[in-house]
Amino acid sequence: MTALVSPEVLSQVKGWARYVEAKLGFRNHWYPIRFAHEVLEQTPVPIKLLGEKILLNRIDGKVYAIKDRCLHRGVAFSDKLECLTKDTISCWYHGWTYRWDTGKLVDILTNPQSIQIGRHNVRSYPVQEVKGIVFVYVGDREPTDLSEDVPPGFLDADRTVFGLHREVASNWRIAAENGFDAGHVYIHKDSILLKGNDIALPLGFAPGSSAQLTRSEIEPGRPKGVFDLIGEHSVPVFEGTIEGEVKIRGNMGSKRVAENISMWLPCVLRVEPFPNPGLTQYEWYVPIDEDNHLYFQTIGKLCPTEAETDEFKQEFDEKWVSMALHGFNDDDVMARLSTQRFYQDDRGWINEILYEPDKSIIEWRRLASEHNRGIQSREHL
Amino acid sequence: MTALVSPEVLSQVKGWARYVEAKLGFRNHWYPIRFAHEVLEQTPVPIKLLGEKILLNRIDGKVYAIKDRCLHRGVAFSDKLECLTKDTISCWYHGWTYRWDTGKLVDILTNPQSIQIGRHNVRSYPVQEVKGIVFVYVGDREPTDLSEDVPPGFLDADRTVFGLHREVASNWRIAAENGFDAGHVYIHKDSILLKGNDIALPLGFAPGSSAQLTRSEIEPGRPKGVFDLIGEHSVPVFEGTIEGEVKIRGNMGSKRVAENISMWLPCVLRVEPFPNPGLTQYEWYVPIDEDNHLYFQTIGKLCPTEAETDEFKQEFDEKWVSMALHGFNDDDVMARLSTQRFYQDDRGWINEILYEPDKSIIEWRRLASEHNRGIQSREHL
Amino acid sequence: MTALVSPEVLSQVKGWARYVEAKLGFRNHWYPIRFAHEVLEQTPVPIKLLGEKILLNRIDGKVYAIKDRCLHRGVAFSDKLECLTKDTISCWYHGWTYRWDTGKLVDILTNPQSIQIGRHNVRSYPVQEVKGIVFVYVGDREPTDLSEDVPPGFLDADRTVFGLHREVASNWRIAAENGFDAGHVYIHKDSILLKGNDIALPLGFAPGSSAQLTRSEIEPGRPKGVFDLIGEHSVPVFEGTIEGEVKIRGNMGSKRVAENISMWLPCVLRVEPFPNPGLTQYEWYVPIDEDNHLYFQTIGKLCPTEAETDEFKQEFDEKWVSMALHGFNDDDVMARLSTQRFYQDDRGWINEILYEPDKSIIEWRRLASEHNRGIQSREHL
């Protein structure tokens with residue numbers, strides 16, 4: 001079994017080797033995978049998470065998840081779905097039949113007295129639904145509380161969340177570092193969000209060299225993450241100067257956004273306010289496999305009343321999807337696709353040259369290396 | 001040169017390691033590759049067998065086979081066919097000219113005095129035509145009699161055989177085990193063959209635990225194979241029960257078929273009667289390369305007279321092609337494509353969990369490991 | 001880091017192991033990459049050479065070349081071109097800004113006080129334009145004079161050169177050996193050039209076994225190359241005989257061409273006269289990556305006056321492009337694609353069987369192994 005990342009590479013990135021090793025993501029964490037409305041009653045949905053093929057299904061309102069692979073000859077249940085009872089799925093090949101809730105092999109239709117019945121379980125995955133999102137836990141340990149794997153405040157009672165998701169052909173870390181990278185504002189300088197929403201956005205930041213540019217939170221029982229403080233300790237750069245002459249300018253606007261940016265384990269960014277004062281963007285870079293992630297974008301707002309929720313929903317649909325989640329973030333998607341080529345064979349981790357605004361990324365790599373709950377490997381697939 | 005299958009995997013499947021090693025098939029055996037009518041006089045046909053590119057041609061009625069690769073710079077003759085005499089093929093690149101019958105390099109058109117002339121032979125392969133099928137022998141040893149590499153009775157004088165073939169994207173062993181697997185009847189439960197031909201087919205079998213479920217034939221000078229006796233020693237299962245309730249039923253019909261099922265080296269299944277009383281299905285899973293096999297499907301019938309042969313031909317064309325070879329067996333093709341994903345990196349051989357009806361497959365793996373005449377490796381290509 | 005070619009293969013080709021190792025080409029040499037008219041003022045052109053992604057640009061008439069990869073996070077500048085001043089290119093991701101002439105990192109638009117500014121250079125490549133061709137030097141040593149890397153006479157003052165280029169899916173050495181191979185005239189026997197231009201071309205050559213078939217030039221400070229003398233020391237073969245009977249004939253014509261054929265480091269063939277008396281064909285097989293080369297085809301003529309140049313241009317456009325560079329050489333392209341399959345996994349270098357006319361190829365391999373200025377490896381990419 002070939003290692004996901006060569007020992008030669010790992011030996012050269014001592015400060016965050018476990019992060020570099022986590023090409024398939026971190027085990028024993030919760031990941032958002034679909035919106036609740038996408039998983040309908042008795043309608044199995046195949047997904048891939050940390051390289052594992054998984055099948056979701058909703059039964060009597062509750063969502064279950066099992067590994068999408070029969071124990072017998074390894075075929076995917078989803079290649080030809082056969083659910084003969086509400087509580088079970090039968091493999092289309094030899095009729096091995098499993099319960100959705102436990103994964104237990106309860107019957108074999110082609111050999112009803114088989115000694116294998118009752119002796120095996122297909123892997124089942126803990127599932128939680130909150131804020132209209134289906135979260136799946138991939139790991140071996142007893143699941144932690146979901147609140148430890150989302151940014152602080154995300155679960156607040158009055159917070160309403162809407163979003164969308166899409167598959168992007170880059171490793172999840174390339175995406176996480178794109179999102180958490182203060183210097184990358186530069187790629188958004190022509191975004192329709194800036195003009196259309198009257199937002200101020202500098203080209204970059206001129207950090208004082210001695211400033212503390214990050215702050216980590218690693219309290220037990222709480223989310224683990226890193227705040228990027230560059231905005232507080234820098235002069236925002238609105239004039240781009242080349243060899244002494246100003247050649248490009250940042251976007252002036254009346255609204256200030258993105259003043260508080262933080263990155264949390266396992267793979268979620270919080271930006272507030274964004275894309276507008278009063279809103280918070282939460283976005284996950286969920287590992288699908290080595291070369292693909294699910295870009296799970298959401299915007300949250302405190303909506304104490306139903307009327308406010310309805311209003312926000314309308315605003316989300318009519319404005320933020322096109323202007324922010326696509327208009328702004330499509331630039332990020334392009335950047336990840338481009339960056340992926342440099343890191344795909346893992347040599348980018350050695351050959352990159354970082355600069356001051358990357359201190360937040362370095363701190364994120366260190367925190368993730370130290371506080372993750374396990375590394376996904378090929379043996380787990 | 002990387003091994004086809006890693007030593008790590010081979011060490012974990014001790015009972016049938018040589019079978020697992022045989023990703024490219026077994027050497028020193030006969031394989032069907034085309035029907036006789038597909039190889040026309042002086043019309044070379046490129047094929048691939050056990051990973052080797054081969055060129056067939058018919059000269060004065062007899063079929064010859066040579067390696068489709070010039071000895072000089074390795075190009076395929078078939079990239080641009082040049083046959084300047086009936087008995088030879090010349091490489092289009094430098095005019096190296098070989099005889100079809102011996103493979104001998106008899107002339108070099110670009111250098112008629114070359115010392116290489118007469119000193120080399122391109123590999124030629126023994127060929128036999130029987131029952132309207134062209135068989136090719138791949139190996140180094142003196143060919144065995146063809147009768148040792150086909151199921152008993154196949155060559156009987158009065159047996160007429162018709163068929164078709166197609167390339168399927170799975171390893172040949174995945175196909176062999178799909179065909180020989182008693183439990184897989186389950187996938188055929190909705191086949192048009194059952195209704196259209198009034199066939200009884202259970203969902204599966206409930207074998208007594210102590211029954212002898214297989215019988216091997218390994219006599220010297222005779223075909224080597226395994227009979228699956230599960231039909232004799234089991235109660236056929238016509239009711240599929242999940243957690244105590246019947247949820248699905250097998251197909252009742254007036255005809256009984258598939259009562260005698262056996263698998264023979266190198267890769268051929270015999271099912272009789274099938275798809276109808278009085279008929280026998282013979283099908284080969286011929287290795288093309290690691291990830292593809294030629295599914296060579298035939299149906300045989302004893303036809304002592306020409307009139308009976310003509311009648312069978314009409315029945316074959318009008319009924320069995322659509323109802324059996326496609327209507328029934330297309331389900332098998334789908335199953336192989338699905339199973340291939342689990343076994344493609346060879347870990348399926350370790351991670352599978354078998355059950356009672358797989359005893360025939362286990363016995364086949366053992367017999368094939370012990371009685372094959374050689375393992376094809378990359379060095380042979 | 002996997003070696004480009006396995007040590008096992010290299011150990012079996014002792015006479016020219018460094019040539020076999022040079023799957024990505026030779027370093028410290030000059031390569032033609034585009035015609036001058038293809039590189040327009042302030043219009044960057046991305047190319048690939050010896051596996052390195054490079055960006056060309058013309059500024060105030062002079063062509064520059066830099067590595068098409070930002071030092072920071074490794075993205076390609078060409079994924080989204082941003083040239084904010086004439087003399088610089090800025091990376092679209094974080095605004096790292098480099099000078100075209102030196103590659104120096106002169107500004108970072110997102111962090112104008114970064115300590116990285118002025119401390120790094122993206123690799124820049126020496127460029128020369130001669131005969132309407134842009135040559136790029138890939139290497140670490142001080143560039144040699146261009147005259148050492150082109151065939152003798154190519155740079156003669158009165159020589160006018162026209163041409164075209166295309167990407168072909170074979171390794172560069174397969175192409176070089178196709179071009180320099182005397183025996184391959186056989187593939188051109190039906191070329192429209194022969195009839196359309198009344199050219200005599202034999203099927204091959206019958207060299208005397210003891211003749212000196214090559215002559216190498218390896219003087220210091222001069223181009224290093226091999227002349228194929230087979231034409232002088234052989235009887236041209238106009239009758240192709242198989243088992244004693246003439247079965248095919250070479251092309252008789254009034255013009256004799258290709259009397260002087262030579263191959264030069266790093267990868268350029270000279271054929272004169274060709275495709276007509278008074279013309280010389282120079283063609284390069286420029287390594288793009290392991291499996292592709294740029295086929296850079298040119299025809300040169302001594303044109304002392306502008307009128308002669310104009311006349312040659314018209315003749316080139318109207319006649320030689322279609323009749324020679326395509327009509328004749330497209331056969332060579334086909335041969336390279338076919339040969340590539342045999343050599344792609346490097347085993348062709350061991351399994352080939354050469355013959356007398358391949359002495360020029362063997363001498364070329366030896367000369368290239370000994371006189372190249374360095375082997376391109378994955379570490380250089």
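Predicted model: local features only at pLDDT ≥ 70, side-chain atom pairs only at ≥ 80, totals over all residues.
Q: Which rotation superposes chain A on chain B?
A: A rotation of 120° does, with 0.0 Å of shift along its axis. The RMSD for this pair is 0.0 Å.

Q: How many residues do chain A and chain C each bring to their contact?
A: Chain A gives 39 residues, and chain C gives 39 residues. Counting here rests on heavy atoms within 4.5 Å. The area buried between chain A and chain C is about 3,100 Å². Carbon and sulfur atoms give 52% of that area.

Q: Which three residues supply more than any other three of the area that chain A buries against chain C?
A: They are A:Tyr186, A:Ile353 and A:Tyr355. Together they supply 21% of what chain A buries there.

Q: What is the hand of the crossing of H3(A) and H9(A), left or right?
A: The crossing is right-handed. H3(A) makes the contact with A:Trp172, A:Ala176, A:Glu177 and A:Phe180. H9(A) answers with A:Ser360, A:Ile361, A:Trp364 and A:Arg365.

Q: How do the residues of the contact of H3(A) with H9(A) divide?
A: Five are nonpolar, one is polar and two are charged. Glu and Arg count as charged, and both A:Glu177 and A:Arg365 take part.

Q: What makes H3(B) oblique to H7(B)?
A: The axes of H3(B), residues 172–180, and H7(B), residues 329–343, cross at roughly 130°. The perpendicular class ends at 115 degrees, and the antiparallel class needs over 145. Roughly 130° lies between these limits, which makes H3(B) oblique to H7(B). The two axes come within 9 Å.

Q: Which residues make the contact of H3(B) and H7(B)?
A: From H3(B) come B:Ile174, B:Ala175 and B:Asn178. From H7(B) come B:Asp332, B:Ala335, B:Arg336, B:Thr339, B:Gln340 and B:Tyr343. By class, four are nonpolar, three polar and two charged. The crossing of H3(B) and H7(B) is right-handed.

Definitions and conventions. Residues numbered from 1 in each chain as written. Chains lettered and ligands numbered in written order. Heavy atoms only, no water. Left-handed = near helix turned anticlockwise from the far one by under 90°. Helix = DSSP H or I, 4+ residues; strand = E, 2+ residues; numbered from the N terminus. Least-squares fit on C-alpha atoms with pLDDT ≥ 70 in both. Buried area = accessible area lost by both parts, 1.4 Å probe. Axes fitted to C-alpha atoms, helices over the stretch in contact; angles between N-to-C directions. Parallel < 35°, antiparallel > 145°, perpendicular 65-115°, else oblique.
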